[in-house]
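Hi everyone, thanks for making time this morning. I'd like to walk you through one structure, so please have a look at it first.

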Amino acid sequence: MLHGNTSINISHPAPGDWFVAAHLPPSSQKIEVKGFIPTCAYVFQPDMLVVRVVEVSILEPDVPLPQTLLHHPSYLKIFVPEYTQELRLELQGCASNGSLGCPVRLTVGSATLPGNFRKVLTCTGPTQDCRLLLPSPPWGRWLQVTAKSLAGPLVSVAFTAVAALTACRPWSVSFQHLLQNSANQSRNASTGLLPLSPSYQELDRSSGAGDSPFCLRNYPVPREDLDVVSVRFRPLDQVSVQSDMPSVLRLYLNTGMDSGGSLIISLQVNKTAIANNTLVVVCVTAASPFLSFNDSLNCTTAFFQGYPLSLSASSRKTTLVIPYPETDNWYLSLQLVCPESPKECEQALVPVETTLYLVPCLNDCGPYGQCLLLRTHSYLYAGCSCKAGWRGWSCTDNSTAQTVAQQKVATLLLTLSNLLFLAPITVSVHRSHLVEASVYAYTMFFSTFYHACDQPGEAVLCILNYDTLQYCDFLGSGVSIWVTILCMARLKAALKYVLFLLGTLVFAMSLQMDRRAVWNTMGPCLFAIVVMVTMWVYRCGRRRHCYPTSWQRWIFYLLPGISMATMAITIYTSMMTSDNYYYTHSIWHMLLAGSAAFLLPPREQHTDPWACSQKLPCHYEICKNHREELYTVT
């Protein structure tokens, strides 16, 4: 939206956490100086209005529930317990005003975004019965069912809703089973397929004597919290895969804070454990596991499209990364499949090595990124902040990345451009401005190593902490401008050095409060300009002549220096972007150093060039007493 209000209507939303994310369009690449250009504040205030359905009938399994539709739809709900293999919804005895037919639209499930996986069944045929089969419905939650009449507003439709659940028994792997088959596995390790252990063969997988059949082999997976948005899942037993039923691992990602990271699933089989004509099919789903490997390999449950994977003799390792997984129980289903000869898989058992992690950032964002933990109100999530033009979830997309040569060129430009400060250092020493020379040397040193440490790629050198280098660079730049302007004012030595010290203390305080604020530097510099102009006007009035008095001083020194300083300020405040930063900021370094060299005032009249070197003699001198002694003659 550009302004005003906007709204979105979601009917029958899925239960759980919903997220609203608001962001501005991509900003321009221009680097703006803080405080120099006014910033715009955008206010985003989300409001939520919930309209609840009051009359909701509970549909119990195998219990007929009569319903009559007239003007309003009928709302039902059924609870799906764990280990439900299939849900069958059926409308029986459907009739409209005594005639045959069933003009009813049945909607099962809740709305989700961006994809809607609700099941819709339209019953318009002449038959009185209409049914819907849902394989692997979501476990442990209520399922919404909406029945709406397709007949006219004055036509009543009557039917009986019946729900049937197909349950199966999970076979939980215990330590005893592993101990029993470990001996068989060690004796048959040289073969491609491991035979079944006696414990597997003795299982009764047929529904007899009132017992339901086994539908899955359940491997317990405890959750181990390592850090913030960092969890490790380690199965208690080795995961073994067979062809008779799937092996299922449950990953508990339902704490409410797990959706802010990335789920990493890595699977691997040994070369000697799997034959050439066998295939380990894997499916990763949320809410309920995929159990229909014998019928289809589409990895689709009732309301979720899973992530299919596979392991074979040619591809013995696979990895799946799911960024920001949905807050729910996730299931990893594995089953052995022999496409060419199914009989070869009947007596086979393939161990699979699993590596299951929830991490804040994939591979810690790599060498060209930084993993950041971000918090918005009570929601904590992680993300990669990429640099050097790299992009992607884990900063692995190099479509817009800088090459190593470009990174080295940028580093050399930003560091070697500071060598132009040798010019004002030399001029200062030549004119006996030793304090100014020391400030320029300080600025050159820390600006060079700050930009060597500030690079985003591989060409990086940090001799100190990054924050320390940045502080010293900003301090040196501001104090260099301060001492240059005050030196041009030609104050008395005592007053000049007092102002040097006070200005440095003010810079240190202001930069500690906010380093990016432009007025922290512009304020003291404007004060120094006022002092300089005041002194020049005073000398002009006292001497009744323009100051400085020499036209050569104006043309060859002051005007070039003022022009370079104006260009430097213009580039720094209005021309820098993320793309040309390496060039424009290097020009800023050179213009700043060049302007200081031109603007420094000449030496005092009675001071010789390089006078500072003469004050440090390297030879012995004979001390003479020129004082005249007076003698009294008596």
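I'll take a sheet, then the aromatic rings, then the nonpolar core and the annotated segments.

A word on the model before we start. This is a predicted model, where local features need pLDDT of at least 70 and side-chain atom pairs count only at pLDDT 80 or more, while totals for chains, interfaces and linings use all residues. Residues are numbered from 1 along each chain as its sequence is written, and side-chain values use heavy atoms, with hydrogens and water left out.

Let's begin with the sheet. Helices (H or I, at least four residues) and strands (E, at least two) are DSSP runs, numbered from the N terminus, and two strands pair if DSSP finds at least two bridges between them. Four strands make an open, antiparallel sheet in the order β2-β9-β4-β7. At the edges sit β2 (65–69) and β7 (130–135), each pairing on one side only. From one strand to the next, the twist averages 20° (axes are lines fitted to C-alpha atoms, for helices over the stretch in contact, and angles run from 0 to 180 degrees between N-to-C directions). Strands β4 (residues 84–96) and β9 (residues 157–167) run antiparallel to each other over 10 bridges. For one of these, look at Gln92, whose bridge partner in β9 is Thr160.

Now to the rings. How many aromatic pairs does a search of the whole structure find? There are 22, counting rings of Phe, Tyr and Trp (its six-membered ring) with centres within 6.5 Å; planes under 30 degrees apart are stacked, over 60 edge-to-face, and the rest tilted. One of them is Tyr324 with Trp393, an edge-to-face pair at 5.5 Å centre to centre and 65° between the planes. This pair links distant parts of the chain, 69 residues apart: Tyr324 is in the loop between β19 (317–323) and β20 (328–337), and Trp393 in the loop between β23 (379–386) and α3 (404–416).

Are those two buried or exposed? Buried means under 20% relative accessible area, exposed over 50%, and partly exposed in between, with a 1.4 Å probe and protein chains only. Tyr324 counts as partly exposed because its relative accessibility is 35%, and Trp393 counts as exposed at 60%. Trp551 and Phe556 make a tilted pair, because their ring centres are 6.4 Å apart and their planes at 45°. Trp551 is exposed at 54%, and Phe556 is partly exposed at 47%. Tyr442, Phe445, Phe446 and Phe449 form one aromatic cluster.

Some charges sit over rings, too (NZ of Lys or CZ of Arg within 6 Å of the ring centre and within 35 degrees of the ring normal). Lys77 lies over the face of Trp142, 4.6 Å from the ring centre, and the charged end of Arg553 is over Tyr557, 4.9 Å from the centre of that ring.

On to the core. A nonpolar core is a set of buried Ala, Val, Leu, Ile, Met, Phe, Trp, Tyr and Cys residues joined through side-chain atoms within 4.5 Å. The largest has 49 residues, and Tyr440, Trp482, Val483 and Leu486 have the most contacts inside it. Which element gives the largest share of this core? That is α6, with 12 residues.

Finally, the record. The unreviewed UniProt entry lists residues 494–511, 517–538 and 554–575 as "transmembrane region"; UniProt positions follow the numbering used here, feature names are shortened, and annotations may be inferred rather than shown by experiment. In the model, residues 517–538 are 91% helix, with end C-alpha atoms 33 Å apart, and residues 554–575 are 95% helix, with ends 28 Å apart.
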